[in-house]
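Reader: I have a structure open and would like to go through it with you. Can we take it piece by piece?

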Amino acid sequence: TNFTISSPANAVIGRYNLFLYVTSENKTFSRYLGQFVLLFNPWCPADAVFIANENERQEYVLNENGIIFVGNAKYIEARGWYYGQFQDHLLNICLTMLDLSLYYRQDAASDVSRRGDPKYVGRVISSMINGNDNDNGVLLGKWQGSFHSHENPSRWDGSVVILQKWRQDNYKPVQYGQCWVFAGVMCTVLRCLGIPTRLVSNFNSAHDVDRNLSIDKYYDSSGKSLNIGKDSTWDYHVWNESWFVRPDLGPSYNGWQVLDATPQEQSR
């Protein structure tokens with residue numbers, strides 16, 4: 001006898017145990033058939049991450065290599081990056097990442113029940129890529145001072161060694177990352193889980209802390225700069241976009257969604 005099993009398109013992703021139960025003459029026999037992993041499916045039209053164009057699925061889900069643009073507006077540099085989302089042990093590392101999050105530790109049942117929602121999974125992963133919340137995050141950020149005792153962020157050229165080191169060090173944050181490293185690793189994890197993801201680089205970039213939509217700088221009466229503003233500016237910044245629908249906001253918001261794993265200020 002052949003059986004076909006199909007899961008709902010909004011099913012929770014993760015590891016499943018598969019059992020066969022046979023009832024005969026009021027007796028039930030069970031047999032463990034094995035384990036399988038369920039992921040988001042960008043090829044399934046009913047899935048929230050469905051992306052209709054096959055070329056885009058090849059690029060944003062299956063491509064293990066990419067280019068990250070860094071530098072400044074007058075000198076843009078293209079760096080190669082190896083995502084490696086299909087390498088050995090990467091899927092286990094990505095699924096373990098979900099179970100290490102503060103969301104899971106605070107309420108495991110609620111967390112797991114929401115893992116069929118790509119926007120929820122994206123938020124959990126974006127918080128887990130950095131180690132700033134004392135949540136066993138993957139990377140510790142550092143932007144100034146000496147890097148001599150650990151890896152200089154500019155030396156990384158792919159996600160696999162970072163994620164493997166994170167696992168080997170018993171999920172202690174790897175030192176160090178900066179924006180393009182956070183974005184590269186997050187792209188690996190989300191593609192591994194089946195969510196179409198890409199990187200975005202922005203030049204002459206700024207971070208507005210007080211939400212007044214301006215970058216504020218303060219000077220004294222003699223023109224000397226006062227170091228009291230918390231807004232910041234950079235030559236460039238890199239973040240991610242993931243493709244999924246937004247039933248919470250309405251169809252006009254379906255498509256590319258911004259996710260930023262670089263720790264700048266505490267989110268919820």
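Reader: How much of the protein chain counts as buried?

Author: Of its 268 residues, 40% count as buried. Keep in mind that this is a predicted model.

Reader: What does the secondary structure come to?

Author: The protein chain has 7 helices and 11 strands. Its C-alpha atoms fill a box of roughly 95 × 45 × 35 Å along the principal axes.

Reader: And what share of the contacts with a separation of 6 or more is between residues 24 or more positions apart?

Author: That share is 63%.

Reader: Salt bridges next. How many are there in the whole structure?

Author: A search finds 7. One of the pairs to look at is R57 with E54, where the closest N and O atoms are 2.7 Å apart.

Reader: Where do R57 and E54 lie?

Author: Both are in helix 1, residues 54–62. They are 3 residues apart, about one turn of the helix.

Reader: Is R57 buried or exposed?

Author: R57 is buried, because its relative accessible area is 9% and the cut-off for buried is under 20%. E54 is partly exposed, at 31%.

Reader: Which residues are linked in a network of salt bridges?

Author: D99, D111 and R115 are. The side chains of D99 and R115 meet at 2.9 Å, N to O. D99 sits in helix 2 (residues 90–100) and R115 in the loop between helix 4 (108–113) and helix 5 (118–129), so this pair ties together parts that are 16 residues apart in sequence.

Reader: What about D111 and R115, how far apart are they?

Author: Their side chains form a salt bridge at 2.6 Å, N to O.

Reader: Are D111 and R115 buried or exposed?

Author: Both are buried. R115 has a relative accessible area of 7%, whereas D99 counts as partly exposed at 28%.

Reader: Switching to R79. Which strand is it in?

Author: R79 is in strand 4, residues 75–82. R79 is buried and yet has no salt bridge.

Reader: Why no salt bridge for R79?

Author: The nearest side chain of opposite charge, E77, is 4.8 Å away.

Reader: Then what lies 2.6 Å from a polar atom of the R79 side chain?

Author: The backbone oxygen of S154 does. S154 is also among the residues in contact with R79 once neighbours within four places in sequence are left aside; the others are G66, I67, I68, V70, W156 and W180.

Reader: Last one, F19. Where is it found?

Author: F19 is in strand 1, residues 14–24. F19 is partly exposed, with a relative accessible area of 41%.

Reader: What is F19 in contact with, leaving aside its neighbours within four places in sequence?

Author: R31, Y32 and L33. F19 and R31 are 12 residues apart in sequence, and their C-alpha atoms are 5.5 Å apart in space.

Conventions:
Residues numbered from 1 in each chain as written. Predicted model: local features only at pLDDT ≥ 70, side-chain atom pairs only at ≥ 80, totals over all residues. Heavy atoms only, no water. Helix = DSSP H or I, 4+ residues; strand = E, 2+ residues; numbered from the N terminus. Buried < 20%, exposed > 50% of the residue type's maximum accessible area, 1.4 Å probe, protein only. Lys, Arg positive; Asp, Glu negative; His and termini not counted. Salt bridge = Lys/Arg side-chain N within 4 Å of Asp/Glu carboxyl O. Polar contact = N/O pair within 3.5 Å; in protein donor to acceptor, adjacent residues only side chain to side chain. Contact = heavy atoms within 4.5 Å.
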